[in-house]
Amino acid sequence: MGKIIRDIGKAEKENFELIIAGGGIYGIMLLLEASRRNIKTLLLEKNDFGGATTLNHLKTVHGGLRYLQSLDLTRFRESVNERKWFVKYFPEYVSPMSCIMPLYGNGLKRNSVMRGALMLNDIFSFNRNMGITEGKKLPGGKILSKKKTSELFEGVDTTGLKGSAFWYDANIEEFQRLIMKVLRKSVDLGATPLNYIEVKELLTENNKVKGVKCIDTETGEEIEFSGEVVINAAGPWSRELSANFDKDFPELFKKNLMLWNILFDRKAPSDCAMGLTPKRGRGHTYFFHPWKGRLLVGTGEIVVDDIKNCVKVPGKEIDKFIDDMNSAIPGIDLKKKDILKIYAGILPASESGKLSKRPATIDHSSHGGPAGLYSISGVKFTTSRLVADKTIKKIFPDRTPSGYDSIFNGIEGSEDITLEYNEIVNEKSVNKLKKIVEDESVLHLSDLVLRRTSLGENPKRALDSLDKLKTLFKKETAWWKKEKIETEKLLKSEAGS
Ligand SMILES: Cc1cc2nc3c(=O)[nH]c(=O)nc-3n(C[C@H](O)[C@H](O)[C@H](O)COP(=O)(O)OP(=O)(O)OC[C@H]3O[C@@H](n4cnc5c(N)ncnc54)[C@H](O)[C@@H]3O)c2cc1C
């Protein structure tokens, strides 16, 4: 697969057809969609690829069962198709995930209603396994008896239990590797992704885009890149960037919704992912995800005024979240000290503070702004490819894409590093990590630990492994010391409490 080389000098001399500002999943999928149409594209990320909202995702690709509740068949079908895309082209990282939702005979969570919903789920996702390899196909859903429910989920609250809904969705085991695969496949197609470059200003001539002015955040140097079209895909910062470039468009991010998932240092109470609604509280359903043998629970949410580069969930919200978990599974007795890691990010919400339903795309020229400038803000990881495909098709209608089969042919093993959750870094893994450092624009120790591998998903293991990684970086001792301290700080601060 293509190597990501941070050659700023080369990019400065080029004339790009498209420049993307923001290297989260939306920017990365835009890069893929542009590159498969042979559009000469530069992606600029102010920190590291995927390091903001994207890496805080729940690590699942949902087929959209919940959209059936509101009979939103368009979103349902979109999610099913996109889940299939991930399972088909990333079988080494994405697997079927069994899900269970205990039913207590209330409202929509009754056996008869859920039986109908699961039937519709199967009917409307009839093509979910087309072209998918054996072992990765998603079986149909069913209603389980009370007895079977208790067998699959030992700690289930049996008071009033009527049975459970059981279905399959998809789980992303190596999130960081999946993102890198999309980037490296885009490089194969001619793309130029550069990390640690912050886009500051839009360059225009006669109200037409001609490039961007940036800062290399590693050196502080100013750089200009030439490009005919610019897409602002800066996620939570898209409004700010839009205002810098042209003007503010509140529809990009009407409100800021902080979302979080918490990884607990506890064995999951079931091998199935569980959709559970605490008996006391607001009726919010949480997703208990058995992830790499640990328990990942999401999603908590609050509206926030301020977007900080570092998203910190208020302590009292974590207390409430843990109370909810303990009310959802009697006897689980989760404590703050069980927290391994808090994953938090900001997503766009409506005026009423509800998660936006649809992505927002703005063609600035339709509002008197520069021709060739677009801003986009997406809501779901699952549909990021689809949104990118539609956006690029609209901007470059005459460009024909090459097919995904020819791009993602077969499983790539050589650059892969997948680690068991408790696996300590050893000589063999150090050799694999060396390839990643060489080939994937790893500038900092934290890039490797948090955004190229799942090492940092187990902060204790990562802290124990740091010294073994020193040989991978041919840098002076002072550099290593500083990087180690910074990475330790990140690993410790993300361990909550
Ligand atoms: C807790 C949580 C759980 C979630 N669960 C799910 C789920 O189950 N299913 C699902 O589909 N989705 C889920 N999501 C949503 C999904 O993660 C987001 O929709 C997606 O990651 C947004 O990606 P993005 O590229 O828009 O934003 P980001 O990932 O934030 O990327 C924007 C990037 O732009 C960069 N940037 C900003 N300004 C500049 C600049 N001036 N120059 C250069 N770069 C810049 C930033 O550094 C950042 O990397 C979840 C999100 C969270 C937080």
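Author: Happy to! Domain 2 and domain 3 bury about 500 Å² between them, and 49% of that is on carbon and sulfur atoms. Buried area here is the accessible area (1.4 Å probe) that two parts lose on being put together, summed over both. On the domain 2 side, Trp291, Leu340 and Lys341 lose the most area to domain 3, together 63% of what that side buries.

Reader: What kind of model is this, and how are residues numbered?

Author: It is a predicted model: local features need pLDDT of at least 70, side-chain atom pairs count only at pLDDT 80 or more, and totals for chains, interfaces and linings use all residues. Residues are numbered from 1 along each chain as its sequence is written, and side-chain values use heavy atoms, with hydrogens and water left out.

Reader: Thanks. How many residues of domain 2 and domain 3 are in contact?

Author: Seven residues of domain 2 are in contact with six of domain 3, where contact means heavy atoms within 4.5 Å. The centres of these two domains, taken over C-alpha atoms, are 27 Å apart.

Reader: And which stretches make up each domain?

Author: Domain 1 is 8-54 + 176-254 + 356-405, domain 2 is 255-352 and domain 3 is 427-493. The bounds come from an automatic or database domain assignment.

Reader: Switching to the ligand: which domains does it lie between?

Author: Domain 1 and domain 2 both give residues to the shell around the ligand, so it lies between them.

Reader: How many residues surround it, and which are closest?

Author: There are 36, and the closest are Glu45, Thr53, Thr54, Val379 and Thr382; a residue counts if one of its heavy atoms lies within 4 Å of the ligand.

Reader: Last one: where is the cis peptide bond?

Author: It joins Gly298 and Thr299, with omega about 5°. Most peptide bonds are trans.
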